[in-house]
Amino acid sequence: MSLAALPKVELHLHLEGAAPADFVRGLAREKSVDLSGIFAPDGSYSYTDFWHFLHVYETATSVLKTPEDYARLTRAVLEESAAAGVIYSETFLSPDFCGGRDVGAWREYLTAIREAAEEAEARDGITLRGIVTCIRHFGPEKARETALCAAETAGDWLTGFGIAGDERAGEPGDFAWAFDCAREAGLRLTAHAGEWRGPESVAAALDALKVERIGHGVRAIEDPALVDRLAEDGVVLEVCPGSNVALGVYPDWRAHPIDRLRGAGCKVTVSTDDPPFFHTTMVREYDRLADAFGWDEDDFAAIARTSADAAFCDDTTRSRILERLAP
Ligand code: ADE
Ligand code: ZN
């Protein structure tokens, strides 16, 4: 069996970040918005570093103005994911971009996204769940409003809460109120950390936000005691190696710590983060990991099971996914 055909589970995917460049260009044309500055001559997204990437991401997102735009985006993204063999995916959604953190507007966006996801499930057999994500560089006050949107819509589809954005803005503790609010609403928790700051940022996210998963978390490798803690506590790392290499966290795939983290007993999973920005897909991630570390089908099957076990879905859905992963 080729790696392309292996059934995959993806836990870390930003919906706007998964927007194909052609899709964004098409919407910009329809709405007469000039986005030429964010594309390279070959039509792909163009950015110089992580902070510029965030700017380009937010500029591209500015053409997504209605629930129907998000429904179209969801269809486009899930079609790509299903083509890469993904059978279950979790996507980050931000009320900042979907209705400006107004709960009524947010509900409309969520309904549109969910309906599009249900169509994709019926057509391509891919299941999606949503994780509301506050944006760190928008600050703690907006994160509170975001958490309230999340709490209002928590349920069997909207199952998680997290934080993305510029990790150098503020400290995890600044966002504790938002995470407490989300936890009390029954949402499961994840936080981006250990991507642009060192191992102390991972420990701070665990301590201050009490998350069960970490987005990236790869720089934990710089502190062996923290690696032991992650392994012992079963903290799940949503690792996105292609993203880390594209953004320059690591110079190349061989230098990426995913294999060492796994070898140390950490629960690692594999995701694409913002695939068109990083010229990647889940198939490409698997191919590069196989090339760099010699991982084979059994390794990828184990990773997919770890991902399914860590998914923020109900147990009936989890059992269904695990059955589809069984050889
Ligand atoms: N938002 C989208 N992609 C991100 C990343 N890799 N890190 C932090 N925030 C993000
Ligand atoms: Zn991310």
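How far does a polar side-chain atom of Glu 195 lie from a nitrogen atom of ligand 1? The distance is 2.7 Å.

This is a predicted model, where local features need pLDDT of at least 70, side-chain atom pairs count only at pLDDT 80 or more, and totals for chains, interfaces and linings use all residues. Residues are numbered from 1 along each chain as its sequence is written, chains are lettered from A and ligands numbered from 1 in the order in which they are written, and side-chain values use heavy atoms, without hydrogens or water.

**View 1. The surroundings of ligand 1.** The residues around ligand 1 are His 14, Phe 50, Phe 53, Tyr 57, Ala 164, Gly 165, His 192, Glu 195, His 216, Asp 273 and Asp 274. Each has a heavy atom within 4 Å of the ligand. Asp 273 places a side-chain N or O atom 2.7 Å from a ligand nitrogen atom. Asp 274 also has a polar side-chain atom 2.7 Å from a nitrogen atom of ligand 1. A polar contact here is a pair of N or O atoms within 3.5 Å; within protein, one must be able to donate a hydrogen and the other to accept it, and residues adjacent in sequence count only if both atoms are side-chain atoms. On its own, ligand 1 has 260 Å² of accessible area, and the protein covers 97% of it. Areas come from the Shrake-Rupley method with a 1.4 Å probe; for residues, only the protein chains shown count as cover.

**View 2. Aromatic pairs.** The structure holds 19 aromatic pairs. Rings of Phe, Tyr and Trp (its six-membered ring) pair if their centres lie within 6.5 Å; planes under 30 degrees apart are stacked, over 60 edge-to-face, and the rest tilted. Phe 50 and Trp 196 are stacked, because their ring centres are 4.8 Å apart and their planes meet at 25 degrees. Phe 50 is in helix α2 (residues 50-61), and Trp 196 is in the loop between β5 (188-193) and α7 (199-209), 146 residues apart. Helices (H or I, at least four residues) and strands (E, at least two) are DSSP runs, numbered from the N terminus. Both Phe 50 and Trp 196 are buried. Buried means under 20% relative accessible area, exposed over 50%, partly exposed in between (1.4 Å probe, protein chains only).

Phe 53 and Phe 278 form a tilted pair, 5.3 Å centre to centre with 40 degrees between the planes. Phe 53 belongs to α2, whereas Phe 278 lies in the loop between β8 (267-270) and α11 (282-293), 225 residues apart. Phe 53 has a relative accessible area of 3%, so it is buried. Phe 278, at 4%, is buried too. One aromatic cluster includes Phe 50, Phe 53, Trp 196 and Phe 278.

**View 3. Charges over rings.** The charged end of Lys 8 sits over the ring of Tyr 286, 5.2 Å from its centre. Arg 144 lies over the face of Trp 177, 4.6 Å from the ring centre. The test is NZ of Lys or CZ of Arg within 6 Å of the ring centre and within 35 degrees of the ring normal.

**View 4. Nonpolar cores.** The largest nonpolar core has 100 residues, and Tyr 45 and Phe 161 have the most contacts inside it. Its largest share, seven residues, comes from α11. A second, separate core of 12 residues includes Leu 11, Ile 87, Ala 304 and Ile 321. A core is a set of buried Ala, Val, Leu, Ile, Met, Phe, Trp, Tyr and Cys residues joined through side-chain atoms within 4.5 Å.
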